[in-house]
Amino acid sequence: MKINRLLSILVCLLFSAAAHAQSNDSATVAAPETQREIVKTGLNFGPLPAVAFDADKGFQLGALLNIYDFGDGSTYPNTRQQWYFEASFFTKGSQLYVVSYDNKFWIPGIRFSTALTITNDKAMDFYGFNGYQSYFDHAMVDLGKDSDDMYFYTPKYRINRLAALFKADLIGRIADSPLQWEAGYHLSYFDIDAIDRDKINKNKDENKKFPASEPTLYEQYRQWGIISDDEADGGLNSTLRLGLLYDTRDKEGAPSRGVWAEAHLTMAPKWLGTSIPYYKYSATLRHYLPIVDRDRLTFAYRLNYEGSIGKDTPYYVLPYITTMGQSYDRDGMGGFRTIRGLMRNRVQGLDMASYNAELRWRFVSFTLWNQNIALGLNAFSDGTMVTRAFDMSFSRTEADFSSREEYLSARGEYDAYMDRGLDSDRPHITVGAGFRFIMNQNFIVCLEYGKPVGKYHKQDGNGAFYINTGYLF
């Protein structure tokens, strides 16, 4: 499996380099000798196959494409405009589609960014709320993988989710300073249900199939009233986002010095069409510190805080981290874009704090086929924690059940579940390392591995290997 992944990346790098070399029609401008960097012009293309595997979703097969427009080269290594396309398919029925566009010159003095993403996930991760307060039965998961007599237990922590997200953001500079304003409209729709057992059990031996008699965690949360009926199936979110941005980075794709800080307010009122109104805020600080000049060694860190105003935030928006500008919304705490090595969406709460810290070393830089190439290594530590809990009270009454026995049984299962978890969350910490292939300061392919550490590390999974694009931040 890992050999196939590495081979696919090798093929991708060679193909991408050739595509870049062939697609750049504009003449390159010679850079200063001390810089040893070719100034790119025109259109540059970065294609990449998307190959991965998940025991419940199957093989991921797809492709992505970055298109960079450097114009006459005066903005290099930053782009004038950029397109991103991705289409991925999973052998058990899930799909991912992404189209995004970023333009800095279409509207004078204003950056315009838009994106549309559609994910149809037949086995989306769902581990409950408030981190360690929701117990993850890692022993049963491992037993299902290792024992021939035990069915796969991972579907216990899966849901069926369709998510469609659209956004349009504007960013403009305030006077002649690094301070900028941000304003955007974000529309999202979620359709959520329990897993389709026929899909999950497809091609599995009879003794490994997830049984109908075993409820998923999502189904239990609904029975206990932790997830209320009015929001259990998802809903529509029509939101306005306002923010302030402070940016002194030397370049966007692979910065080596400067500060990138943002503060956002998300408003989803009922009058705008939102199913369940809510209000959120966020603040993010990213800092890049050069240790050895010319991008050779850089220390970078990111601090983030996601908060909810009030307690009415619907559960299906909790996994998402607030973004504006070129980035588009992705699932939250856990995974490549947030906390590497942590299970996807392991940590969800009304308020969450997180950090990422890494040392980035470019150990070689050279030109090949008229392209600027660099190879890098990085070592990192990521962490997160719920700071204000989502309400996990048992909110059903005996009248909600067909009999007193059914009510007492549900209450007993709830009490047993809550007893296994902690009274509140603790820090979730991961460590890891990675490799970067960097072309023209923007097209970046990464291979990274992260692993949870600490007293409760088994609650966070066994670690994860990623093949993806770009830097985390």
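A salt bridge is a side-chain nitrogen of Lys or Arg within 4 Å of a carboxyl oxygen of Asp or Glu. Side chains of opposite charge can pair when their charged atoms come close. With that in mind, welcome to this predicted model, which holds 32 salt bridges.

Arg340, Glu358, Arg360, Asp382, Arg436 and Glu448 are joined in a network of salt bridges.

| Pair | N to O separation |
|---|---|
| Asp102 and Arg111 | 2.8 Å |
| Arg344 and Asp125 | 2.6 Å |
| Asp169 and Lys167 | 3.0 Å |

Let's look at Arg344 and its partner Asp125, whose closest N and O atoms are 2.6 Å apart. This pair ties together distant parts of the chain, 219 residues apart: Arg344 sits in the loop between β11 (297-309) and β12 (351-368), while Asp125 belongs to strand β5 (residues 110-125). Arg344 is partly exposed, with a relative accessible area of 23%, whereas Asp125 is buried at 10%.

Asp102 has a relative accessible area of 2%, so Asp102 counts as buried. Arg111, at 15% relative accessibility, is therefore buried as well.

Finally, turn to Asp169, which forms a salt bridge with Lys167. Both Asp169 and Lys167 are buried.

Note on methods
Residues numbered from 1 in each chain as written. Predicted model: local features only at pLDDT ≥ 70, side-chain atom pairs only at ≥ 80, totals over all residues. Heavy atoms only, no water. Buried < 20%, exposed > 50% of the residue type's maximum accessible area, 1.4 Å probe, protein only. Helix = DSSP H or I, 4+ residues; strand = E, 2+ residues; numbered from the N terminus.
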